[in-house]
Amino acid sequence: MVKLSKANKMPCRSWSLQALETCPAARDDNGDIVPACKGCYALAGNYHFKNVKASRSYNKQDWQRDDWVNDMVAELDNDRYFRWFDSGDMYHIKLAEKIYEVCKRTPWIKHWIPTRMYKEKFKKFHAVLEKFNELNNVIVRYSSDSINGEIVQGAKYSSTIITEEQIKDSQNVCYAFENNGKCGTCRVCWDKSISVVSYVGHGQSMKKQQRDLIKTLAI
């Protein structure tokens, strides 16, 4: 049995894993957590609840079943939009390949996959990431490590975190922060005509990081 989640903000269901535990690309070459992941929303709030953690731990084992792809395709029969990983990442190449098969077999769904597994030290993922974006119904957005608006160079589709002060100068800003944290009718994240999506940093931890960074840059 597959276990899906439904984040309050999202207009669709998602399949997720435990944050950081399944995010090898969330650490830099020194082993430090990158800025964008230090204030990860999936490490706070409802994500601390035992039942939420339990479903993500379950998923980490469940995807390895031989019938997982078939079960996912059957479960998604009535979905039209889907998000992979409102927490976690496709940490294993075999998981990435299975997700690709699910996406390929569900052409009626628009799939959005945010990831950091594009980094050079994860070269074995590069081929499957390119295959994802060849599908008309899938967009893989490379998540920037920045909390100051820097984008992933060379990425066809990506996302970055910005400060409130950067809104007027940023591309395709997500205004969920003005809508009680909800997407509403917006579907920009799934839109393959949109190259970069800019998310305004939210949450006390993230905002503090951004304030500290601004102070450092001003020195």
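These notebook entries record what I looked up in a predicted model.

**Basis.** I note that local features need pLDDT of at least 70 and side-chain atom pairs pLDDT 80 or more, while totals for chains, interfaces and linings use all residues. Residues are numbered from 1 along each chain as its sequence is written, and side-chain values use heavy atoms, without hydrogens and water.

**Core.** I looked up the largest nonpolar core and found 36 residues. Such a core is a set of buried Ala, Val, Leu, Ile, Met, Phe, Trp, Tyr and Cys residues joined through side-chain atoms within 4.5 Å; buried means under 20% relative accessible area with a 1.4 Å probe, protein chains only. Among the residues with the most contacts inside this core are Trp-15, Trp-68 and Trp-84. Elements that give two or more residues to the core include helix 3 (68-75) and helix 4 (93-104), and helix 4 gives the most, with seven. Helices are DSSP runs of H or I, at least four residues, numbered from the N terminus.

**Arg-56.** I located Arg-56 in helix 2 (residues 50-62). Arg-56 counts as buried because its relative accessibility is 6%. Its side chain makes polar contacts (a pair of N or O atoms within 3.5 Å, one able to donate a hydrogen and the other to accept it) with the side chains of Asp-86, at 2.9 Å, and Ser-87, at 2.8 Å.

**Helices 3 and 4.** I found that the axes, lines fitted to C-alpha atoms over the stretch in contact, come within 9 Å and cross at roughly 40°. The contact (heavy atoms within 4.5 Å) involves residues including Met-72 of helix 3 and Ile-99 of helix 4.

Definitions and conventions:
Buried means under 20% relative accessible area, exposed over 50%, partly exposed in between (1.4 Å probe, protein chains only). Axes are lines fitted to C-alpha atoms, for helices over the stretch in contact, and angles run from 0 to 180 degrees between N-to-C directions.
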